[in-house]
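Grab a pencil and work through these exercises with the structure open beside you. Each task comes with a solution that goes step by step.

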Amino acid sequence: MKVRYYPNDQIIMGIIFLLCGFGIVMMYSASSIYAMNKFDNYLHFFMQQIKWLTIGAVLMLMLSQVNYQILKKIAYALLIISWVVLVMGYFFKGNNPASRWLVLGGRSWMTTSDLARVSLIIFTAYFVEKNKKKLNDCKFLLTRFTPFLGISLILILFQPDTSTAMIISAIIMVMLFIAGTDWRYLAGVSVFGILGLILKIINTPHARDRILNWNDDQKIQSLNALGTGGLLGTGLGDSIIKNGYLPAVHTDFILPIVGEELGFIGILVLFFLFWFFFTRGLAVVQEAPDLFSMFLSFGIIISVMIYFLVNAAYVVGFAPTTGLPMPFISYGGSHTIFTLMSMGILLNIARRGRVGSNTYYRGYSYDY
């Protein structure tokens with residue numbers, strides 16, 4: 001019997017569509033009652049998410065066809081544009097005291113940090129390739145890389161969006177660690193960043209309250225939902241917690257609804273899909289045709305997985321509430337679109353990769 005081989009990009013695309021399909025079903029289930037009460041339309045959030053998924057899918061398919069090498073030429077430009085968008089968020093934020101959303105014409109267009117996250121991953125991958133022989137030079141890194149990272153993180157941190165700044169910092173630090181960056185630089189930047197973060201949290205009331213009230217009513221209701229679901233769940237659409245007992249169930253806290261309605265089996269399926277995505281993504285990294293694409297694909301995969309794991313951690317009480325969405329699953333416009341755009345870049349790299357093409361690991365071996 002002849003075994004058919006499915007290229008890695010086709011497998012990853014299949015996983016992406018499965019995750020998006022899983023997400024839209026659960027998002028509708030979680031949001032329908034709230035949508036009816038607020039907009040007199042069960043389908044309000046569902047139709048919005050369909051629109052964003054469609055836009056994201058079109059952009060994903062387009063980016064999967066455009067040579068990713070172009071991103072190297074515009075890495076600095078993308079980063080500067082992301083700064084402009086972040087600054088605009090301070091001035092065009094509507095009536096919301098937090099400026100993490102860009103509001104124009106009375107409409108919220110995007111979460112300003114989403115572009116910054118993708119731009120920083122692209123810039124870091126480009127920087128690693130261009131300066132691979134200088135990653136052990138702390139002075140060089142402090143003068144040539146830290147200012148670009150610092151400007152992005154400071155603009156996000158003072159939106160205020162402490163949790164996103166932390167997550168993006170973690171993504172970039174993991175990329176630099178795998179690249180073989182001098183441990184003294186990583187340790188120094190990390191310690192300085194943590195101290196700054198502590199000071200920021202102390203002086204930001206809502207961030208301080210999240211730390212002090214780690215397991216608040218929201219966490220308790222979340223755990224109640226997960227416990228109610230048991231092994232097989234109460235049935236799709238039959239959640240009790242979503243009826244006003246737990247806010248943001250279609251955004252930040254959608255995992256408890258999965259657990260309540262689909263049970264442990266539903267959560268297990270979701271975790272398996274993300275694990276499968278991660279393993280196939282690592283295959284793309286291993287087969288990447290050059291250093292830039294290797295770290296670009298790695299950064300994209302790590303970004304998705306960190307967001308997923310942090311979201312799962314805080315809904316079960318292992319971390320303070322951060323407000324971070326679950327990729328592919330949570331309701332949200334710009335996060336959905338930028339996540340799918342990054343998937344287009346990943347698919348692009350997967351199609352150009354070749355088995356055994358990369359032996360670079362922790363900066364000790366080069367084929368270039």
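**Exercise 1. Count the helices and strands in the protein chain, then find how much of the chain is buried.**

Step 1: The protein chain has 14 helices and two strands. Helices here are DSSP runs of H or I with at least four residues, strands are runs of E with at least two, and both are numbered from the N terminus.

Step 2: Of the 368 residues in the chain, 54% are buried. Buried means under 20% relative accessible area, exposed means over 50%, and partly exposed is in between (1.4 Å probe, protein chains only).

Before you go on, note that this is a predicted model, where local features need pLDDT of at least 70, side-chain atom pairs count only at pLDDT 80 or more, and totals for chains, interfaces and linings use all residues. Residues are numbered from 1 along each chain as its sequence is written, and side-chain values use heavy atoms, with hydrogens and water left out.

**Exercise 2. Work out which residues of helix H4 are buried and why they lie on the same side.**

Step 1: Find H4 at residues 75-91; its 17 residues reach 25 Å from first C-alpha to last, close to the expected 24 Å. That expected span is 1.5 Å times one less than the number of residues.

Step 2: The buried residues of H4 are Ala75, Leu78, Leu79, Ser82, Trp83, Val85, Leu86 and Gly89. They share one side of H4 because they cover an arc of only 160 degrees around the axis, taking the directions from the helix axis to the C-beta atoms.

Step 3: Recall the general rule: an α-helix has 3.6 residues a turn, so residues three or four places apart point the same way.

Step 4: Look at what these buried residues pack against: helices H3 (70-73), H5 (112-130) and H7 (146-157), plus strands S1 (101-104) and S2 (107-111). Contact means heavy atoms within 4.5 Å.

**Exercise 3. Describe the aromatic pair of Trp52 and Tyr331 and say which parts it ties together.**

Step 1: The structure holds 22 aromatic pairs. Rings of Phe, Tyr and Trp (its six-membered ring) pair if their centres lie within 6.5 Å; planes under 30 degrees apart are stacked, over 60 edge-to-face, and the rest tilted.

Step 2: Trp52 and Tyr331 make a tilted pair, with 5.2 Å centre to centre and 55 degrees between the planes.

Step 3: Trp52 sits in helix H2 (residues 44-65) and Tyr331 in the loop between H13 (291-315) and H14 (334-352), so the pair ties together parts that are 279 residues apart in sequence.

Step 4: Check the burial too: Trp52 is buried at 16% relative accessible area, and Tyr331 counts as buried at 15%.

**Exercise 4. Find the residues with the most contacts inside the largest nonpolar core, then look closely at Leu296 and Phe328.**

Step 1: This core has 113 residues, and Phe274, Leu296 and Phe328 have the most contacts inside it. A nonpolar core is a set of buried Ala, Val, Leu, Ile, Met, Phe, Trp, Tyr and Cys residues joined through side-chain atoms within 4.5 Å.

Step 2: H13 gives the largest share of the core, 19 residues.

Step 3: Setting aside neighbours within four places in sequence, Leu296 touches Leu71, Ile121, Ile122, Ala125, Ile345 and Ile349.

Step 4: Phe328 is in the loop between H13 and H14 and is buried, at 8% relative accessible area. Its phi is near 75 degrees, a positive value in a residue other than glycine.
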